[in-house]
Amino acid sequence: MCNSKECAYCRKPIEQGKEVKNELIFIRGAQLAREKRDYCSVRCASYDQMAHEA
């Protein structure tokens, strides 16, 4: 299981081919930054985006 990925939000392992890729937009200082992350579900992707919008 060395090649297994884990969800960027909940840290659960993701089955190969079932990951949800999302580009997270967040603020670093005065600039917007974009980072591509893998999630186990659309729900985790949206929760992670909301957590960085505060």
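Residues are numbered from 1 along each chain as its sequence is written, and side-chain values use heavy atoms, with hydrogens and water left out.

Confidence is expressed as pLDDT, the predictor's confidence in each residue on a scale from 0 to 100. The protein has a mean pLDDT of 89, and 93% of its residues reach 70 or more. Helices (H or I, at least four residues) and strands (E, at least two) are DSSP runs numbered from the N terminus. Among these elements, the highest mean pLDDT, 94, belongs to strand 2 (residues 13-14), and the lowest, 89, to strand 3 (residues 20-28). Where pLDDT is low, the predicted coordinates should not be read in detail.

Side chains of opposite charge can pair when their charged atoms come close. Eight salt bridges are present in the structure, each defined as a side-chain nitrogen of Lys or Arg within 4 Å of a carboxyl oxygen of Asp or Glu. In one of them, glutamate 19 pairs with lysine 5, with the closest N and O atoms 4.0 Å apart. Because glutamate 19 lies in the loop between strand 2 and strand 3 and lysine 5 in strand 1, this pair ties together parts that are 14 residues apart in sequence. Exposure is classed by relative accessible area: buried is under 20%, exposed is over 50%, and partly exposed is in between (1.4 Å probe, protein chains only). By this scale glutamate 19 is partly exposed at 22%, and lysine 5 is partly exposed at 37%.

Lysine 5 also forms a salt bridge with aspartate 38, where the closest N and O atoms are 3.2 Å apart. Aspartate 38 lies in strand 4 and lysine 5 in strand 1, so the pair ties together parts that are 33 residues apart in sequence. A further salt bridge joins glutamate 35 to arginine 28, with a distance of 3.6 Å between the closest N and O atoms. Of these two residues, glutamate 35 is partly exposed, with a relative accessibility of 28%, and arginine 28 is exposed, with a relative accessible area of 52%. Through shared partners, salt bridges join Lys5, Glu19, Lys21 and Asp38 into one network.

The structure holds one aromatic pair. Tyrosine 9 and tyrosine 47 are arranged edge-to-face, at 6.1 Å centre to centre and with 65 degrees between the planes. The pair links distant parts of the chain, 38 residues apart: tyrosine 9 is in the loop between strand 1 and strand 2, and tyrosine 47 is in helix 1 (residues 42-51). Rings of Phe, Tyr and Trp (its six-membered ring) are paired if their centres lie within 6.5 Å; planes under 30 degrees apart count as stacked, over 60 as edge-to-face and the rest as tilted. Tyrosine 9 is partly exposed, with a relative accessibility of 38%, and tyrosine 47 is likewise partly exposed, at 34%.

Both tyrosines also belong to a nonpolar surface patch with Met50, and the three residues together have about 300 Å² of accessible area. Patches are made of residues with over 30% relative accessible area and no salt bridge, with like charges joined within 9 Å and nonpolar side chains (Val, Leu, Ile, Met, Phe, Trp, Tyr) within 5 Å. The areas come from the Shrake-Rupley method with a 1.4 Å probe, and for residues only the protein chains shown count as cover.

The loop between strand 1 and strand 2 also contains arginine 11. Arginine 11 has a positive phi of about 70 degrees although it is not a glycine. Most residues other than glycine have a negative phi. Arginine 11 is exposed, with a relative accessible area of 51%.

Asparagine 22 lies in strand 3 and is partly exposed, at a relative accessible area of 26%. Apart from neighbours within four places in sequence, asparagine 22 is in contact (heavy atoms within 4.5 Å) with Glu35, Lys36, Arg37, Tyr39 and Ala45. The C-alpha atoms of asparagine 22 and valine 42 are separated by 8.6 Å, with the two residues 20 apart along the chain. Glutamine 31 is found in strand 4 (residues 31-39) and is exposed, with a relative accessible area of 59%. A separation of 33 Å lies between the C-alpha atoms of glutamine 31 and glutamine 16, which are 15 residues apart along the chain.

Technical notes: This is a predicted model: local features need pLDDT of at least 70, side-chain atom pairs count only at pLDDT 80 or more; totals for chains, interfaces and linings use all residues.
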